[in-house]
Amino acid sequence: WKKIFFLISGIKLYFYQKVIRHADLILTVSDSDSNYLSQHFPEVKVVNIPSFHAADDITSLVGKGTYILYHGNLAVPENEKAACFLIEDVFSKITFPIIIAGRNPSDTLKRKAAPFSHIKIIGNPDGTEMAELIRRAHAHILFTFQATGLKLKLLNALFNGRFCIVNQKMLEGTGLENLCLLANEQAELIKQINQVVLKDFDEETVAVRKLILMERYSNRSNAERLAMLIFQRPVN
């Protein structure tokens with residue numbers, strides 16, 4: 001059924017490209033989309049404007065947190081798969097407290113975490129609780145098996161949290177490599193966690209993060225760019 005679904009979706013997208021070539025402007029949210037569309041529709045102007053998000057400034061706390069956080073919609077199969085991998089192959093090998101938080105964690109996920117006293121699952125936190133979990137965490141584990149472009153939870157963690165340990169697929173097309181700690185395999189993840197729990201998140205790191213994030217991911221700047229592209233004039 002999945003193969004049939006994706007086949008039909010692919011056919012629809014293929015034929016929809018006949019419509020795209022008549023556009024005056026195409027806006028994309030990832031570098032990979034920009035590259036693909038620029039190659040296939042050279043007659044159309046293609047501009048990358050990253051996704052808008054909830055943060056207008058950096059609110060990351062300096063110092064240390066008391067737990068590592070993995071968060072996301074746990075009802076999404078991709079996120080549950082990542083969480084299960086992390087519990088079995090990474091979190092079970094360390095002793096630092098771990099929190100896994102998100103919407104509708106499955107019984108399978110709860111069973112995998114149950115044998116480990118340092119792993120806690122928080123299901124369905126409200127917006128305020130999730131925001132506090134993100135700000136208070138010492139580090140965020142952001143791991144994905146699919147390179148599907150910019151993840152808003154990565155931006156959320158960078159704008160509001162401390163250290164971010166990510167794999168390459170999470171970074172694809174974001175330009176945020178200098179703000180994250182890279183770990184693609186089990187051993188690398190364990191090593192990065194064991195090293196980062198000994199570090200303080202300092203003001204210098206916040207300043208570097210602000211410089212890079214506000215250059216590319218500022219809501220105000222991107223809204224101004226969008227207004228200029230569409231209306232050919234700034235909008236106050």
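**Aromatic contacts, cysteines and surface features**

Ring pairs join F85, F143 and F145 into a cluster. The model is a predicted one, in which local features require pLDDT of at least 70, side-chain atom pairs count only at pLDDT 80 or more, and totals for chains, interfaces and linings use all residues. Residues are numbered from 1 along each chain as its sequence is written, and side-chain values use heavy atoms, with hydrogens and water left out.

Across the whole structure, six aromatic pairs are found. Rings of Phe, Tyr and Trp (its six-membered ring) are paired if their centres lie within 6.5 Å; planes under 30 degrees apart are called stacked, those over 60 edge-to-face, and the rest tilted. One of the pairs is formed by F163 and F201, which are edge-to-face, with 5.1 Å from centre to centre and 90° between the planes. This pair links distant parts of the chain, 38 residues apart: F163 belongs to strand β7 (residues 163–166), whereas F201 lies in the loop between α8 (186–196) and α9 (203–216). Helices (H or I, at least four residues) and strands (E, at least two) are DSSP runs numbered from the N terminus. F163 is buried at 10% relative accessibility, and F201 is buried with a relative accessible area of 1%. Here, buried denotes under 20% relative accessible area, exposed over 50%, and partly exposed the range in between (1.4 Å probe, protein chains only).

The ring of F145 has a further contact: K81 lies over its face, at 4.6 Å from the ring centre. A charge is assigned to this position if NZ of Lys or CZ of Arg is within 6 Å of the ring centre and within 35 degrees of the ring normal.

The structure contains zero disulfides, a disulfide being a pair of cysteine sulfur atoms within 2.5 Å. C164 takes part in none, and its nearest cysteine sulfur, that of C180, is 5.3 Å away. C164 is buried, with a relative accessible area of 1%; C180, at 11% relative accessibility, also counts as buried.

In helix α1 (residues 2–20), Y14 is exposed, at 53% relative accessibility. H40, in helix α2 (residues 31–40), is partly exposed, with a relative accessible area of 40%. H40 and Q17 are 23 residues apart in sequence, and their C-alpha atoms are 9.2 Å apart in space.
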